Amino acid sequence: MSDPDGDPAEAPPTELLRIEGIRKGFPGVVALDGVDFDLRRGEVHVLLGENGAGKSTLIKMLSGAHRPDEGRILVDGEEVRINGAQDAERLGIATIYQEFNLVPDLTVAENIFLGRQPRRLGMIDRKRMEAEAAVLLERVGVTVSPRARVRELGIARLQMVEIAKALSLDARVLIMDEPTAVLTSEEVDKLFAIVRRLREDGVGIVFITHHLEEIAALGDRVTVIRDGKSVGQVPATTPEDELVRLMVGRSIEQQYPREREEVGEALLEVEGLTRDGVFHDVSFEVRAGEVVGIAGLVGAGRTEVVRAVFGADPYDRGTVKVAGSELRRHDVNAAMDAGIGLVPEDRKGQGLVLDADVAENLGLVTLRAASKGGFVDLKGQKEAAARIAEQLGVRMAGLHQHVRTLSGGNQQKVVIGKWLLADTRVLILDEPTRGIDVGAKVEIYQLINELTAAGAAVLMISSDLPEVLGMSDRVLVMAQGRIAGELPTEEATQDAVMALAVSTPTTPPTTPDSVTEVTEVEAPRGR
Amino acid sequence: MAADTLKSKTGATGASGLRRLLLDNGALTALIVLVIAMSALSGDFLTADNLLNVGVQAAVTAILAFGVTFVIVSAGIDLSVGSVAALSATVLAWTATSEGVPVWIAVILAIATGIACGLVNGVLISYGKLPPFIATLAMLSVGRGLSLVISQGSPIAFPDSVSHLGDTLGGWLPVPVLVMIVMGLITAVVLGRTYIGRAMYAIGGNEEAARLSGLRVKRQKLVIYALSGLFAAAAGIVLASRLSSAQPQAAQGYELDAIAAVVIGGASLAGGTGKASGTLIGALILAVLRNGLNLLSVSAFWQQVVIGVVIALAVLLDTVRRKAGATPAAAGAGTPGNKGRQAATYVLAAVVAAAIVGAMSFLHNGSSDGKNQKIGLSLSTLNNPFFVQIKSGAQEEAEKLGADLTITDAQNDASQQANQLQNFTSSGVGAIVVNPVDSDAAGPAVRGANKADIPVVGVDRGVNKADTAALVASDNVEGGRLGAKALAEKLGGKGTIVILQGQAGTSASRERGAGFAEGLKAYPGIKVVAKQPADFDRTKGLDVMTNLLQAHPDIDGVFAENDEMALGAIKALGSKAGKSVSVIGFDGTPDGLKAVQDGTLYASVAQQPSELGRIAVRNALKAADGEKLDETVMVPVKVVTAENVDGFTG
């Protein structure tokens with residue numbers, strides 16, 4: 001498609017959208033520093049870049065959330081100003097964000113037509129609304145009742161509802177921000193089919209993804225953004241390592257640089273941990289200098305187990321020991337005092353105080369220890385924060401930058417950093433690299449190496465199979481709330497892990513309900 | 001942030017530094033605009049005395065607001081502070097007087113009461129998982145109720161030793177201002193430097209992240225609400241010592257002023273932000289506004305409108321300022337977008353200034369150009385036709401005699417009335433007419449007027465422990481007696497009746513009730529089956545009467561301590577009113593008299609409110625000219641029934 005000497009019988013693809021020399025600054029940072037981009041009818045144009053490169057800022061300009069400081073946006077060849085969501089809607093630009101804009105307690109049909117419900121005599125015409133919603137849902141190929149409450153849907157279906165909503169707005173430009181990040185392989189295939197159908201209908205699609213293999217599968221052209229600048233436009237057939245080089249500005253030697261250490265004594269011992277209806281009889285140990293990975297399907301109970309180990313949630317039976325001494329149940333502070341740290345799955349919701357600055361966030365865990373007679377040693381806290389931020393290479397305008405404005409990778413470094421400051425001996429990482437770009441991922445892996453080299457133990461949950469296999473010394477696989485098996489790194493292959501993840505562990509769960517509850521089965525994604 | 005801003009400022013001129021400071025702090029800008037506007041409009045504003053008055057008047061709100069700042073920063077809300085303040089003050093007065101406890105122990109007990117209330121809030125919120133709004137709303141009611149229980153509804157006069165807390169230090173520094181400053185400094189230190197303070201920001205910013213980082217969130221919340229309770233107790237003590245009496249009804253609605261002050265100061269109700277300095281500025285904005293509006297004689301009704309508008313504008317200014325991204329240093333101040341927004345901020349600030357100046361000069365009736373004698377009239381409330389009639393009578397008389405009359409409305413709040421009296425004194429009126437919210441509480445402020453040699457005339461209610469040139473009043477006790485006689489005779493000396501009482505703790509309710517009880521002694525055949533408060537309010541009269549009718553369907557008569565409640569009772573009685581049930585009201589308001597004409601109200605013990613207003617102003621003018629007055633001027637009350645209603649004029 002990018003070939004101008006293509007089939008002469010076909011009309012040249014018309015340009016829908018053009019962005020020229022866009023610049024945008026925020027207090028303390030320049031988010032975009034000269035970005036060019038264009039989108040034609042009936043193409044999938046992939047926007048590629050590390051987190052923090054400026055992709056999100058760019059699409060927020062198109063959806064009217066931000067206004068450019070400099071540069072032009074043209075739609076159908078005419079310069080436009082997009083000052084808000086209404087302007088974007090009028091221009092036929094729809095955006096599907098990673099966080100969905102749906103109201104959980106309204107029905108699917110109500111969500112699709114929110115604010116534009118068809119009316120009759122001033123009352124909402126439910127029948128018509130539901131019929132029209134059914135047509136749209138049919139078009140995206142999802143079987144869900146227009147009357148279903150959005151709260152009851154799984155993530156994949158929520159996304160389909162968002163797409164249906166965009167279609168109801170007659171969108172000609174559809175922006176999708178990492179739509180596959182949360183989907184299973186099967187769901188991704190379905191999504192691709194829908195995107196291809198939309199492309200045939202002449203919709204221009206801006207597609208953001210971190211999964212390079214998706215580019216060749218779906219894309220037509222790729223624009224790579226680095227440090228707020230567009231650094232190149234290449235066809236989607238470009239080899240992956242070339243794309244990575246463009247994206248990070250250097251080639252990445254090794255994706256999983258795990259250095260295995262001599263393991264020491266057991267630091268964390270979990271014995272027969274059970275929370276009725278959630279997880280059962282979970283036992284494992286993690287030794288000093290060791291990385292233990294926990295693989296499994298979403299809903300297998302991995303997060304629940306580590307939260308219970310950390311004391312964030314209660315459990316019914318079993319014991320948790322750190323270096324031989326038993327921890328009090330459901331007591332975060334006991335776990336912390338023993339040297340456990342948790343980097344939670346939901347970085348923004350549970351890991352960070354978004355509107356506080358980097359220094360505050362880094363000092364959160366050590367706040368109590370740094371207080372004497374109720375007064376905080378502010379100077380010491382600040383020095384410690386500066387030291388750890390430097391050590392972790394947090395890219396920021398300064399310690400006073402609000403963490404909300406950091407990129408995902410740098411945010412994650414802050415979350416890990418606050419535990420490093422507290423001399424954590426057992427670090428639990430729950431999906432540590434979700435939504436983080438390649439470069440930052442490797443930095444986090446290096447950090448894990450440093451930790452284990454210093455004699456700490458790391459327990460890592462990940463749904464990214466290559467990551468689990470590449471970084472773990474041992475892999476525990478969970479299925480249906482139980483440990484389905486343990487694989488030493490030599491035996492751990494994607495197939496072996498998957499076989500255990502979908503198995504039914506020895507003693508089946510006591511209640512049949514807990515099996516049927518797991519409706520949205522998500523397979524770990526292989527690359 | 002401060003260090004960064006400072007760094008980026010080095011090299012900039014002082015003027016641009018100031019500009020940055022103002023842009024960074026919308027509330028401070030609003031305060032400065034207000035002060036400039038007030039100084040331009042009133043020569044009495046920018047004097048040392050008056051500025052100290054503003055400080056005193058801001059003190060209670062500011063101290064409450066400091067406590068609420070802790071709560072709001074941690075993403076909670078505390079609606080109970082007004083009630084807790086009243087309860088603590090009541091505990092102090094009660095233990096120090098009735099129980100004879102030494103004052104310092106009484107103060108400790110009062111503070112402990114505040115802390116205990118806060119702890120109860122904290123326990124309900126942390127461990128009972130109640131939303132803060134509901135838990136503290138419950139405490140608002142409980143605290144108020146307990147202070148009424150302890151005080152039995154009447155204000156308790158403070159022992160003199162405690163009243164000194166309301167005095168001045170070294171002859172000029174008012175103690176309330178000192179307490180405000182100390183509490184403000186404590187707040188700043190707690191928020192900025194202590195573990196609990198930093199924890200507040202973390203909890204308010206993201207409670208779950210705070211918990212998973214090892215902050216003991218539940219325990220911290222207990223401390224946060226206890227701190228709020230402690231500050232409320234301090235505010236209550238300051239408030240009561242200023243008034244020399246603990247009022248069970250004091251500080252009603254102050255929680256909203258406190259919350260407004262915190263939010264005007266730049267805190268977010270969503271939590272995570274807020275500063276002690278901002279809260280102080282917020283409280284000062286409210287105080288400057290009230291003080292200035294008094295000095296400018298803006299109509300009492302318009303004052304409330306202006307205050308509401310300024311609150312909204314102050315917060316709006318801050319919001320715009322935030323959106324503009326107030327630290328454009330790194331982003332390049334030269335970009336057109338930022339310039340546009342900066343301009344928008346300036347424009348908004350200008351609009352605010354223009355709106356305030358315009359509104360004030362428009363609303364501020366009658367400038368002080370003439371040589372007319374100036375008289376200030378402070379009414380307890382304008383929420384009731386009776387007082388509105390006093391107001392019209394006073395206005396007519398002032399016009400007739402050629403005097404400048406400034407009228408303020410204390411909204412039934414003794415402390416607000418004290419502020420208004422203070423403002424009258426400092427603006428140098430010739431005489432003051434006061435209709436006290438409470439006779440004891442008006443004392444200190446009237447003593448202030450005495451010191452400045454400004455004669456004070458009481459109207460409707462007297463002032464205790466201070467000199468008044470005259471008291472112009474109807475005889476409430478006599479009125480109660482007359483009411484009892486009229487009702488008993490109508491019922492033939494026998495039957496069952498209910499009494500609707502006025503607002504607990506007011507002198508009108510006490511005196512009318514006492515007079516009625518005394519009058520009834522002559523008629524042993526009349527049985528009082530129920531006695532319930534309906535707060536002088538028509539709607540409450542309707543509700544209370546409806547409830548009472550469930551228990552006592554066969555009553556023969558109703559005595560209501562004012563016409564408003566009587567009219568509510570008539571609504572509840574429906575067709576029974578004026579037929580099988582005789583209702584007697586009090587006051588002789590226009591609505592009441594009309595009901596007498598219609599036959600639904602049997603009688604109203606009529607005062608002559610317009611006459612009260614007229615006579616009070618006439619006496620005040622005489623006093624201003626140095627004439628000696630009779631100590632009390634009694635305006636007669638009269639039982640108005642269908643027979644004599646046509647001839648009666650209030």
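A residue is termed buried if 20 or more other C-beta atoms lie within 10 Å of its own, exposed if 12 or fewer do, and partly exposed in between, with C-beta atoms placed from the backbone. The structure is a predicted model, in which local features need pLDDT of at least 70, side-chain atom pairs count only at pLDDT 80 or more, and totals for chains, interfaces and linings use all residues. Residues are numbered from 1 along each chain as its sequence is written, and chains are lettered from A and ligands numbered from 1 in the order in which they are written.

Strand β10 of chain B spans residues 495-501, and six of its seven residues are buried, so the strand is largely enclosed by the rest of the structure. Helices (H or I, at least four residues) and strands (E, at least two) are DSSP runs, numbered from the N terminus. Two strands are said to pair if DSSP finds at least two bridges between them. In general, strands of a sheet pair through backbone hydrogen bonds, either parallel or antiparallel. Seven bridges link β10(B) in the parallel sense to strand β11 (residues 526-533) of chain B, and Q501(B) has P533(B) as its bridge partner in β11(B). Strand β12 (residues 557-560) of chain B also runs parallel to β10(B), to which it is joined by four bridges. In that pairing, V498(B) is bridged to V558(B).

Chain B also provides a case of helix packing. Two packed helices are described by the angle between their axes and the distance between the axes. Axes are lines fitted to C-alpha atoms, for helices over the stretch in contact, and angles run from 0 to 180 degrees between N-to-C directions. Helix α9 (residues 175-193) of chain B packs against helix α12 (residues 217-243) of chain B at an angle of about 170°, and the axes are 10 Å apart. That angle makes α9(B) roughly antiparallel to α12(B), given that angles under 35 degrees count as roughly parallel, over 145 as roughly antiparallel, 65 to 115 as roughly perpendicular and the rest as oblique. On the α9(B) side P176(B), V179(B) and M183(B) take part, and they meet F231(B), A234(B), V238(B) and R242(B) in α12(B). Residues are in contact if their C-beta atoms, placed from the backbone, lie within 7 Å. By class, this contact of α9(B) with α12(B) has six nonpolar residues, no polar residues and one charged residue; Ala, Val, Leu, Ile, Met, Phe, Trp, Tyr, Cys and Pro count as nonpolar, Asp, Glu, Lys and Arg as charged, and the others, Gly among them, as polar.

The contact between the two chains takes 29 residues from chain B and 33 residues from chain A. On the chain B side, α10 (195-205) and α11 (207-212) each supply at least two residues. The largest share of that side, seven residues, comes from α10(B). The side of chain B that touches chain A comprises eleven nonpolar, twelve polar and six charged residues.

Chain A is divided into domain 1 (15-248), domain 2 (255-339 + 425-527) and domain 3 (349-423), with bounds that come from an automatic or database domain assignment. The C-alpha centres of domain 2 and domain 3 of chain A are 26 Å apart. Nine residues from domain 2 of chain A and seven residues from domain 3 of chain A form their contact. Helix α15 (residues 438-453) of chain A gives the most to the domain 2 side, with four residues. That side of domain 2 of chain A divides into six nonpolar, one polar and two charged residues.

Four strands of chain A form an open sheet in the order β14-β13-β16-β17, with antiparallel pairing. Its edge strands, β14 (279-287) and β17 (325-326) of chain A, each pair on one side only. Between β13 (residues 266-275) and β16 (residues 317-322) of chain A there are five bridges, and V322(A) in β16(A) is the bridge partner of L268(A). Helix α9 (residues 302-310) of chain A packs on the sheet, where it touches β13, β14 and β16 of chain A, and its direction makes about 115° with that of β13(A).

Most residues other than glycine have a negative phi. D170(A), however, has a positive phi near 55°; this residue lies in the loop between α5 (155-168) and β9 (173-177) of chain A. D170(A) is exposed, because 10 other C-beta atoms lie within 10 Å. For D227(A), phi is also positive, near 50°, and the residue is placed in the loop between β11 (221-226) and β12 (229-235) of chain A. D227(A) is partly exposed, with 16 other C-beta atoms within 10 Å.
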